[in-house]
Amino acid sequence: MARGRLGVKVCCVIGAVAVVAAVAFFVMRQMGVAWLQPPLDLSSTKVEISQSDLFTPDVLRKGATHVENDMSSMRGCAIERISYAEPGTVGEHGSNKYGTSVTFEMAYTCNTFNTQRTAMPSSGSYEYLLQYAPDKSVDGTGWVTVSHGNG
């Protein structure tokens with residue numbers, strides 16, 4: 001008889017722990033605990049690169065990859081578009097000149113709340129000022145971030 005009551009008590013304790021864990025998980029997810037958010041979604045990112053006198057298309061695509069790498073902490077968000085438009089003609093076709101800085105624009109949306117972006121709207125765009133410096137690049141793209149912000 002005592003053995004039956006012990007089994008019931010153990011089941012009640014296990015059930016209570018399971019309920020508390022489920023509630024805690026739900027609350028943390030609603031509060032935007034970063035590790036509970038899905039990773040940055042790049043599945044439908046459009047990369048738009050204009051004709052360039054400064055860089056080859058491959059080097060500019062690596063600039064877009066650098067922006068993706070830099071934004072990887074934006075869990076629960078998706079990058080919709082990364083674009084590069086060169087202002088005017090310089091004349092040195094695809095010279096890939098070391099130290100040249102250019103601006104990329106990144107448009108994003110976030111469908112879930114994320115504590116890392118509480119100061120950001122759920123959608124918008126960022127401007128990235130990148131410098132071409134292959135020897136300083138830490139992600140292998142040849143680019144380093146000089147600054148970024150929402151314009």
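Two strands count as paired if DSSP finds at least two bridges between them. Strands (E, at least two residues) and helices (H or I, at least four) are DSSP runs, numbered from the N terminus. The structure is a predicted model, in which local features need pLDDT of at least 70 and side-chain atom pairs count only at pLDDT 80 or more, while totals for chains, interfaces and linings use all residues. Residues are numbered from 1 along each chain as its sequence is written, and side-chain values use heavy atoms, with hydrogens and water left out.

Five strands form an open sheet in the order 1-2-3-4-5, with mixed pairing. Strand 1 (46-49) and strand 5 (143-149) are the edge strands, each pairing on one side only. On average, neighbouring strands of this sheet are turned by 25° against each other, direction ignored. Axes here are lines fitted to C-alpha atoms, for helices over the stretch in contact, and angles run from 0 to 180 degrees between N-to-C directions. Nine bridges join strand 3 (residues 101-110) to strand 4 (residues 123-132) in the antiparallel sense. Glu105 has Glu127 in strand 4 as its bridge partner.

**Helix 2**

Helix 2 (residues 57-70) lies across strand 1, strand 2 (77-84), strand 3, strand 4 and strand 5, and runs at about 55° to strand 5. Contact means heavy atoms within 4.5 Å. The expected span of a helix is 1.5 Å times one less than its number of residues. For the 14 residues of helix 2 this gives 20 Å, which agrees with the 20 Å between its end C-alpha atoms. Its buried residues (under 20% relative accessible area; exposed is over 50%, partly exposed in between; 1.4 Å probe, protein chains only) are Val59, Leu60, Gly63, Ala64, His66, Val67 and Glu68. Their cover includes strand 1, strand 2, strand 3, strand 4 and strand 5.

**Aromatic pairs and buried residues**

Rings of Phe, Tyr and Trp (its six-membered ring) pair if their centres lie within 6.5 Å; planes under 30 degrees apart are stacked, over 60 edge-to-face, and the rest tilted. Six aromatic pairs are found in the whole structure. In one of them, Tyr84 and Phe104 have ring centres 5.3 Å apart and planes at 40°, so the pair is tilted. Tyr84 lies in strand 2 and Phe104 in strand 3, so the pair ties together parts 20 residues apart in sequence. Phe55, Tyr84, Phe104, Tyr132 and Trp143 form one aromatic cluster.

Ser137 sits in the loop between strand 4 and strand 5. Leaving aside neighbours within four places in sequence, Ser137 contacts Gly142, Trp143 and Val144.

| Residue | Relative accessibility |
|---|---|
| Tyr84 | 3%, buried |
| Phe104 | 0%, buried |
| Ser137 | 16%, buried |
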